[in-house]
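Dear colleague,

Please find below the structure that I am handing over to you. My notes on what was found follow it.

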Amino acid sequence: ECDMKSIITLRHHCSGLQHINKTFKIIAAYKEKLKKDPQSKLKKDPEENNPEYDLYSVLDKQNKKIVGLRYITEFINPNGNKKPLYHCRLPLCQNAQGDAGHMSRHIFTVSHRGAWIQRRIKTLFPSSSMNRLSPTLKSILRI
């Protein structure tokens, strides 16, 4: 639906707030369509009708360490009748997005944790310090 010619422009476009909002609207419309269809294979979320269902309530039930939460953006429907949606803006996470359940699973993936580590390494060590890292460590960190 978006008219983009360059992959670099496309990456910038996909990370933009308007594109993310539009994507969430399309996903929400698709889920509504699946709910109305009696043949729907979409499983009902047991917490769907719980007004307190958000990422923090889902993560509160976990016993795992959480990293990169500052890179997760919460989008709340202004009408207040839908549960919030989330977007991960870490570069290597490729604009992961979804509801609280999906985002909580994403936060515990190796790719999210790796993207967070890479971001922290670049923040903690200036580029001049990066040259002193071993080639093995550079390949692990994908620097």
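**Findings**

Of the 143 residues of the protein chain, 27% count as buried (under 20% relative accessible area, with exposed being over 50% and partly exposed in between; 1.4 Å probe, protein chains only). This is a predicted model, in which local features need pLDDT of at least 70 and side-chain atom pairs count only at pLDDT 80 or more, while totals for chains, interfaces and linings use all residues. Residues are numbered from 1 along each chain as its sequence is written, and side-chain values use heavy atoms, with hydrogens and water left out.

The protein chain holds 7 helices and 3 strands (DSSP runs numbered from the N terminus: helices are H or I, at least four residues; strands are E, at least two). Their order from the N terminus is α-α-α-β-β-β-α-α-α-α.

Helix α5 (residues 110-124) contains W116. This tryptophan counts as partly exposed because its relative accessibility is 25%. Beyond its neighbours within four places in sequence, W116 is in contact with V67, G68, Y71 and L90 (contact means heavy atoms within 4.5 Å). L90 is 26 residues from W116 along the chain, and their C-alpha atoms are separated by 7.0 Å.

Where does R70 lie? R70 is found in the loop between α3 (55-60) and β1 (72-75). With a relative accessible area of 61%, R70 is exposed.

Yours sincerely
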